[in-house]
Amino acid sequence: MVEKLYSFDIFDTLITRRTATPEGIFALMQKRLADSASVTKFPKRIVRNFHILRIEAEKVARNTYITNEVKDITLGQIYECFQRMEDLSAGQLQELMDLEITVELENILPIPENIEKIRRLKESGTRVALISNMYLHSEDIRRLLLQVSPIFRDIPLYVSGELGKTKGTHTLYHYVREQEHVRFSDWCHYGDNWNLDVEIPRSLGMQAEYCGRPKLLAWEEEILSGRESNAELQLMLGMSRRARARQEKEGRSFPYQVGCGFSAVLLVPYVIWLLQESQRRSIKKLFFIARDGYILKKIADLLVVGYNLPIETAYLYGSRRAWRLPSVKPGSFDLPEFFRFNYQAEIRSYAQIAETLELDLGELKKILPFARENGKELSGGLMQEILYILTEEQDEVAAILYEKQKEKREAAIGYLKQEIGEEGEGFAFVDLIGSGYTQRCLAALVDSFYDKPVKTFFYRLDCCNSGGSNENHAFFPNRMKMGSVIEVLCCAPHGQTNGYECRAGRWIPMLGKDEGDRLDEYGFEDYAKGIQDYTKEVIVCFPEKMPDFQDLELPAAYLDYLAQARNRELYDYIAKMPYGITGKEKEVASFAPPLSARDLRNLYLWHKGEPERKYYKGHSLEYSLICLSDKQKRKLELYKKHSEDMAVRWLRQHFFQSKAKVCTSRYDLIAERIVLYGAGKKGRLLHRQLAAGKQYHAEIVLWVDRNYEDCLAEGLQVYPPEDMAGTDYRQVVIAVANRQMAEEIKGSLIARGVMPGKILWIQPDSRIQ
């Protein structure tokens, strides 16, 4: 009875490389040649182009040495052709060959499940053989195998390059059959190549089992195309592929693939960098700020444990809502800056102003006496005027907010002190993307118990504002195409931090609902697991030391690929991700929903210049515009071309904006109880308009003018400005034609103690009824 034989392919069946492709080894060699001072000096042309030269040398060798009798080549023959093309010395040639074996040895990893099959077969006494289509010498391949397991020491090994026979020509299988004295019908072969390891053996009458590994994802292949010589990309894609191979079931879900094959490549290098920076700066504890820090902390925790780093991590619940207003202090409040970093462009009503400041309308009227709940939208020009008035009253605003936010401030400080404790200087915060404004608010909250600069790591920082109370460090330059996507990729399955409450002596964050529930339905668990599995693969691939991933062109390449929407499935998954960031969302929207024809008309024609969020329910219009149809793109260009035509502007102003009840007149800034200053031509016109007008009305409690005597002689009830003392009014309205005169009057009123924000200059319009 003939004993049964089990044979195994080697590369990508029993062992695999850390690189995405076999040629990735040459990319690592090229990098080694460029970086290492110990390697003999080679011509710059070879050092800079080794990857492509090595590939081409192999092609030349195949053309040169393969004949009807000899079906494969050896490593020596490849480098003989390399030498002829590049005129290298024998010493240089040997050095390159040794380097290739060294790099292969350094980058080989086991495929445990198939090695386990061999172990079981050998324990049962079954014959096993190894067969490989490969140019390396069998001794070198044996070294690679023994590096992952001693089980390969005595197993017969058949290599195509040495024998001149290949699987594809059937000759290698026939040779092994003769050497092993086995019938094809008693032979079972395992391998990862469907044609060479399955179809051909079956055609010979053998049994064959496919042991294929996951291929690169579609977008990974496209991003790699043209960048095959990038050693860092080769390693990153290799880790993604192997992580998916380890998770046969989860690796099939698309959220897992996005997490493992896209997001991880962007996020893991950032976390590696901040951990390296922490060690360099003697930082012992990192506080990852919610919600952007949720996934980042999971990555960091795996790396800290995997590399035994002397760093502790903690998750800190915080948000714009929880920290910005509670941090306001009289004397240091910058109101224009506050609004600039609180989505100023989306604020177009008194209700929204009040909501932004967390005041009710009555409280807002103490600052803006003309504020009213009329359901009308304020034009951009009026909003600028109102913000100017608020800025003039910012000390009063700060005092009101400081008192209003007292409990929230005490709660925030209590929570931060509880979590941060007495950490000294050896800690830092981890954020993602932003201006650094929220971190300045954080510094203002902790200054009662921490008197040193607050250190924060950012993926991308929009403003260079380190110094004083903040010390910021950024991983990536400011402007990155589609950079806002990074925040979507760092989502968390819990809501925004709305504040804190004390329970049983501990401060507990109060979380909103936000998009947490919808993320669960969106496959967030698989998505996050993909990122974590990729991180685990980093540790497997680089067990001795955390790798240095510093090529910033790679995250830029991934984001640029996304910006082109070359893979619609990937684009749609990110576009439809449930997302909320401002803290003002009434309902959770997708990050970038598709645009309809009506959306385009509203945004770019009839409501151009109005707040984007009124007619767009997502968070990244830039991202939504990427996937317009050709028809939509033509319409968009048409709208942009004609949006400022006279007829379109007239329709926009007199039909669409009036229909939307948009306030455009400065008359809307007049309060209900006013002192009217000015009884000249303009003052009298405004008096008539406000007293009897249908569109605008205000109670004029006092009418004053410097020339009040002349006015009294004319029978007008006009009095001296001094009579303002003791009068109950909310605002002084100056009605003169000349700006310089208005400024002089305003100066005199301020000298009398009238707050600047309570003074309004109006140039009356005779068209107003």
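1. Basis. The model is predicted, with local features needing pLDDT of at least 70 and side-chain atom pairs counting only at pLDDT 80 or more, while totals for chains, interfaces and linings use all residues. Residues are numbered from 1 along each chain as its sequence is written, and side-chain values use heavy atoms, with hydrogens and water left out.

2. Five strands form an open sheet in the order 5-4-1-6-7, with parallel pairing; strands (E, at least two residues) and helices (H or I, at least four) are DSSP runs numbered from the N terminus, and two strands pair if DSSP finds at least two bridges between them. Strand 5 (157-159) and strand 7 (207-210) are the edge strands, each pairing on one side only. On average, neighbouring strands of this sheet are turned by 20° against each other, direction ignored.

3. Strands 6 and 7, with helix 9. Four bridges join strand 6 (residues 187-191) to strand 7 in the parallel sense, and Tyr190 stands opposite Glu209 in strand 7. Helix 9 (residues 194-203) packs on the sheet and touches both strand 6 and strand 7, its direction making about 155° with that of strand 7; contact here means heavy atoms within 4.5 Å, and axes are lines fitted to C-alpha atoms, for helices over the stretch in contact, with angles from 0 to 180 degrees between N-to-C directions.

4. Helix 1 against helix 4. Helix 1 (residues 24-35) packs on helix 4 (residues 90-106) at an angle of about 115°, with the axes 10 Å apart. From helix 1, Ile25, Phe26, Leu28, Met29, Arg32 and Leu33 meet Leu96, Leu99, Glu100, Val103, Glu104 and Glu106 of helix 4.

5. Aromatic side chains. Rings of Phe, Tyr and Trp (its six-membered ring) pair if their centres lie within 6.5 Å, planes under 30 degrees apart counting as stacked, over 60 as edge-to-face and the rest as tilted; the count by this rule is 36 aromatic pairs. Ring pairs join Tyr270, Trp273, Phe457, Tyr459, Phe475 and Phe476 into a cluster.

6. Backbone details. Ala290 and Arg291 are joined by a cis peptide bond, with omega about -10°, and Arg291 is found in the loop between strand 8 (285-289) and helix 13 (293-306). His170, although not a glycine, has a positive phi of about 70°, and His170 is found in the loop between helix 7 (160-163) and helix 8 (171-180).
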